[in-house]
Amino acid sequence: MAEIKDPENTILIELEGGTVTVELLPDVAPQHSARMKELARAGAYDNVVFHRVIEGFMAQTGDVAHGKAGGDTRRAGTGGSDLPNVPAEFNKLPFDRGVLGAARSQNPDSANSQFFICFDDVHFLNGNYTVYGRVIDGMEHVDAIPRGEPPANPGVMKSVKVAADV
């Protein structure tokens, strides 16, 4: 496991195969980082499916309204949290393999709870979406998430926690 330098800004995502450790980047995207920590601390991300997983691109999850495993996930990807949307915090960080980005609609200021993790470098997203974290350990578990839009048997975030709380 990678060394956790800043537990308050490190997220632990428990998947079927193991733990994915994500370093948040509050220096470049403070509002997005704060939102992820707030939802993780509330348990909102626990048992949420990966509803859009595209080979060579990314795995998207975080629909806390419609994406809970064991329920009707047909609308997964269409919802967010009860909290207000987060304004764009575009930055100069590239969308490289392992980067965590904010999912949104056409409106740049529509990010809420959904996020994606890049399987590969996807630089066409640079400057158009908010980078606010990166996988520092466990990328092999991200690589193992079942593919599909939606996947027939979607991967699930069993739990999402802030490392400082563990």
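**Pockets and ring contacts**

Author: The lining of the largest pocket divides into six nonpolar, two polar and three charged residues. This is a predicted model, in which local features need pLDDT of at least 70 and side-chain atom pairs count only at pLDDT 80 or more, while totals for chains, interfaces and linings use all residues. Residues are numbered from 1 along each chain as its sequence is written, and side-chain values use heavy atoms, with hydrogens and water left out.

Reader: What makes a residue of the lining nonpolar, polar or charged?

Author: Ala, Val, Leu, Ile, Met, Phe, Trp, Tyr, Cys and Pro count as nonpolar, Asp, Glu, Lys and Arg as charged, and the others, Gly among them, as polar. The lining of the largest pocket includes Val49, Phe50, His51, Arg52 and Glu149.

Reader: What makes a set of grid points a pocket, and which residues line one?

Author: On a 1 Å grid over the protein atoms alone, a pocket is an open set of points where a 1.4 Å probe fits, with protein on both sides within 12 Å along at least five of seven lines; lining residues have an atom within 4 Å of a point.

Reader: Why is the pair of phenylalanine 95 and phenylalanine 116 called stacked?

Author: The search of the whole structure finds four aromatic pairs. In this one the ring centres are 5.8 Å apart and the planes stand at 20°, so the pair is stacked. Rings of Phe, Tyr and Trp (its six-membered ring) pair if their centres lie within 6.5 Å; planes under 30 degrees apart count as stacked, over 60 as edge-to-face and the rest as tilted.

Reader: How do you know whether phenylalanine 116 is buried or exposed?

Author: Phenylalanine 116 has a relative accessible area of 4%, so it is buried. Buried means under 20%, exposed over 50% and partly exposed in between (1.4 Å probe, protein chains only). Tyrosine 129, at 22%, is therefore partly exposed.

Reader: What is the pair of phenylalanine 116 and tyrosine 129 called, and why?

Author: Their ring centres are 6.2 Å apart and their planes at 80°, so the pair is edge-to-face. Ring pairs link Phe95, Phe116 and Tyr129 into a cluster.
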